[in-house]
Amino acid sequence: MRGTITIIDKGNIRVHSYMAPEDGLNVTTQLIETPSLLIAVDGQVNVADADEVVEYAKGLGKPLDRLIVTHAHPDHFQGAGRFNVPIHALEIVREQMAARGDLQDLNGVPIPAAEMAPTDLITPGTEVIDGVPFVFEAISGGETTDQLLIRLPEHGVLVAQDLVYHQTHLFVGNNDIDRWQVILESLADPAYDTILPGHGLPAGPAVLAENAEYLQAARELLDDDGQAYKQAIIARFPALGVPFVIDISNYYLFGTRPA
């Protein structure tokens, strides 16, 4: 297996968190196993990694009910069509995904927009799926303009996706650091001991402070020179993975294409 699976047992549910390798940006797909079925969250950047998630899911012996796409960054939905299930998203996220049109993954595999298009809309609020309450919240600003946050309040699980990164560099290309820090503060809640990030392995509550520290450094180091920022942020956080994310940020901030 190219990716890394982390299994978290939460009583009547289990979380199977798949993290792609570094050449797949350490993107995570969460497989939430309820008593009778599987709910997938986010569909990977590379088709091959999405296929690996689907193959793993088949081995769990329960039907895959749906794929939820949390936001319109392509690294989280380019493999969505490979899951062959209804694709759920907020209405604004569906519109943003459609605006991107046809895409290709990091390996050059072409992906028609129709294969990734959400089929079902998510309404913020509580939905009970297979007896398990899922609380859907629409979050504006921060890492991207619009994003879905999922709480599993009976199990202390926060499906944060790209509101939180773990042991990887953060994408700051949306240039909304102040709002992101406010969001991180709002996520601090002792009722949630498991935080599932959009990049990196599952984490505990301490990851929120780690992200806040990174964002503070990014605010201090960012100016009008993307390469200088990249060198400085790597020097400040040398242990973090996926430095290519900094290049993607620089493209959004300065128009500098990733090497």
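**Close-up 1. Aromatic pairs in the predicted model.** Five aromatic pairs occur in the structure; rings of Phe, Tyr and Trp (its six-membered ring) pair if their centres lie within 6.5 Å, with planes under 30 degrees apart counted as stacked, over 60 as edge-to-face and the rest as tilted. One of them joins Phe171 and Tyr252 edge-to-face, at 5.2 Å centre to centre and 85° between the planes. This pair links distant parts of the chain, 81 residues apart: Phe171 belongs to the loop between strand 13 (157-165) and helix 4 (177-187), and Tyr252 to helix 7 (residues 244-254). Helices (H or I, at least four residues) and strands (E, at least two) are DSSP runs, numbered from the N terminus. Phe171 counts as buried because its relative accessibility is 7%, whereas Tyr252, at 41%, counts as partly exposed. Buried means under 20% relative accessible area, exposed over 50%, and partly exposed in between (1.4 Å probe, protein chains only). Ring pairs also link Phe171, Tyr251 and Tyr252 into a cluster.

The model is predicted: local features need pLDDT of at least 70, side-chain atom pairs count only at pLDDT 80 or more, and totals for chains, interfaces and linings use all residues. Residues are numbered from 1 along each chain as its sequence is written, and side-chain values use heavy atoms, with hydrogens and water left out.

**Close-up 2. The largest nonpolar core.** The largest nonpolar core has 46 residues, of which Ile32, Ile68, Phe83, Phe134 and Ile150 touch the most other members. Such a core is a set of buried Ala, Val, Leu, Ile, Met, Phe, Trp, Tyr and Cys residues joined through side-chain atoms within 4.5 Å. Helix 1 (residues 47-58) gives the most to this core, with six residues. Another core, of 35 residues, lies apart from it and has Val164, Ile183, Ala203 and Tyr214 among its members.

**Close-up 3. The buried face of helix 4.** Ile177, Trp180, Gln181, Ile183, Leu184 and Leu187 are buried in helix 4. Seen down the helix axis, these residues fall within an arc of 160°, so they line one face of helix 4; the arc is that of the directions from the helix axis to the C-beta atoms. Asp178 and Glu185 are exposed on the other side of helix 4. The buried residues pack against strand 11 (132-140), strand 12 (146-152), strand 13 and helix 5, where contact means heavy atoms within 4.5 Å.

Close-up 4. In helix 6 (residues 226-236), the buried residues are Gly226, Tyr229, Lys230 and Ile233. They lie on the same side of helix 6 because they cover an arc of only 100° around the axis. Gln231 and Ala235 are exposed on the face turned away from this buried side. Helix 5 (206-221) and helix 7 are included in what covers the buried residues. At the N-terminal end, Asp225 caps helix 6 through a side-chain oxygen that lies 3.2 Å from the backbone nitrogen of Gln227. A polar contact is a pair of N or O atoms within 3.5 Å; within protein, one must be able to donate a hydrogen and the other to accept it, and residues adjacent in sequence count only if both atoms are side-chain atoms.

**Close-up 5. The setting of Gln44.** Gln44 is placed in the loop between strand 4 (38-41) and helix 1. Gln44 is buried, with a relative accessible area of 0%. The Gln44 side chain reaches the backbone oxygen of Val27 at 3.0 Å.
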